Amino acid sequence: MRGTVMHAPGDVRVEDVAPPTLQAPTDAIIRITAACVCGSDLWPYRGIEAVDQPRPMGHEYVGVVEEVGEAVTTVTPGQFVIGSFFASDNTCEICLSGYQSGCVQRQPVGGAQAERMRVPLADGTLVATPELPPDDLVPSLLTASDVLGTGWFGAVAAAAGPGKTVAVVGDGAVGLLAVLAARQLGAERVIAMSRHEPRQRLAQEFGATDIVTERGDEGVAAIKDLTHGLGAHSVVEAVGTQQSMLQAIRSTRPGGHVGFVGVSHDVVLKGAPLFFALVHLHGGPAPVRRFLPDLIDLIWDRRIDPGKVFDLELPLDEAAEGYRAMDERRAIKALLRP
């Protein structure tokens, strides 16, 4: 079968790879309907994360179940399913508390930029749609596998809600969908921090009430100016750099909440400034599985349209162009069709 493999930074190839097989009675094999390139895939692509050996790529996926292990009971062949980038049993104490990304049996899920993939712990990881979806819903359902679920967790971790002012640091797909999530959760005001006009327009479509183009100290000052000098009640950090994390913390008012969901790279927080900031910090890899049933319902009923973050669609064989386009900021997010 065809699958996407990263051989080195900047070297992405679609090539013949071994098809997946059931390795445990709790596994499922799904035929991929759509996958995509994630912003976190760009870290190794840019050489910020080491690529020590050829790496099958992709962790966002929707597809049709083809085969299940003998212990799988909640999904069956022929169903259209969505799953998270972490497999979880969804029964342990950590899962039951809503943190499936910290499941005691947690396993990474990968190799989704391909024709088929294996999903471990299928019962706890996959959620089926009511029936096979119409094609125009597939992109939005795909976002639920990661970027929508991650943006949603960022907004929840930041305690977004009625009467709140929410600022979002980062205008990639996660940041844009954190804007959507904050509005869905009832935020009164949502400030999107973005320098790029197409992303600003999409943020406004998703419910942003204000746009801030500045970064760093100037960005913090702009947030303070918009909030009577106090800072936002809630700030979502959706980048993962030192600058974005400090910008998020400093843009938050005392007693406010920071939800950090950008994959952190070399972020260091000094004790004294953090101590005196008086903010709540909560985040990490999103427990997407917690939100999947509700997100699927919102998408299925067409109450939200998060699939708008895909501004480039390519056949799987052109996956390398998807990486290039996102790396060069010619695309927000690239969707791949096998």
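**Exercise 1.** Decide whether Leu22 is buried, partly exposed or exposed in this predicted model.

*Solution.* Start with the relative accessible area, which is 28% for Leu22. Buried would mean under 20% and exposed over 50%, with partly exposed in between. Leu22 is therefore partly exposed.

**Exercise 2.** Place Leu22 in the fold and list what it touches.

*Solution.* First, find the element: Leu22 sits in the loop between β2 (11–16) and β3 (28–36). Next, look for neighbours, leaving aside residues up to four places away in sequence: Leu22 touches Asp27, Ala28, Ile29, Glu67, Val68 and Gly69.

**Exercise 3.** Work out how helices α5 and α11 are oriented to each other, and which residues make the contact.

*Solution.* Two packed helices are described by the angle between their axes and the distance between the axes. Here the axes of α5 (residues 147–157) and α11 (residues 288–300) come within 10 Å and cross at roughly 110°. Angles of 65 to 115 degrees count as roughly perpendicular, so α5 and α11 are roughly perpendicular to each other. On the α5 side, the contact is made by Leu148, Gly149, Thr150, Trp152, Phe153 and Val156. Their partners on α11 are Val288, Arg290, Phe291, Leu295, Leu298 and Ile299.

**Exercise 4.** Locate Leu246 and describe the surface patch it belongs to.

*Solution.* Leu246 lies in helix α9 (residues 242–250). Its relative accessibility is 35%, so Leu246 counts as partly exposed. Together with Leu269, Leu274 and Leu281, Leu246 forms a nonpolar patch on the surface, with about 260 Å² of accessible area in total.

How values were computed: Residues numbered from 1 in each chain as written. Predicted model: local features only at pLDDT ≥ 70, side-chain atom pairs only at ≥ 80, totals over all residues. Heavy atoms only, no water. Patch = residues over 30% accessible without salt bridge, like charges linked within 9 Å, V, L, I, M, F, W, Y side chains within 5 Å. Areas by Shrake-Rupley, 256 points an atom, 1.4 Å probe, with all protein chains shown as cover. Salt bridge = Lys/Arg side-chain N within 4 Å of Asp/Glu carboxyl O. Helix = DSSP H or I, 4+ residues; strand = E, 2+ residues; numbered from the N terminus. Buried < 20%, exposed > 50% of the residue type's maximum accessible area, 1.4 Å probe, protein only. Axes fitted to C-alpha atoms, helices over the stretch in contact; angles between N-to-C directions. Parallel < 35°, antiparallel > 145°, perpendicular 65-115°, else oblique. Contact = heavy atoms within 4.5 Å.
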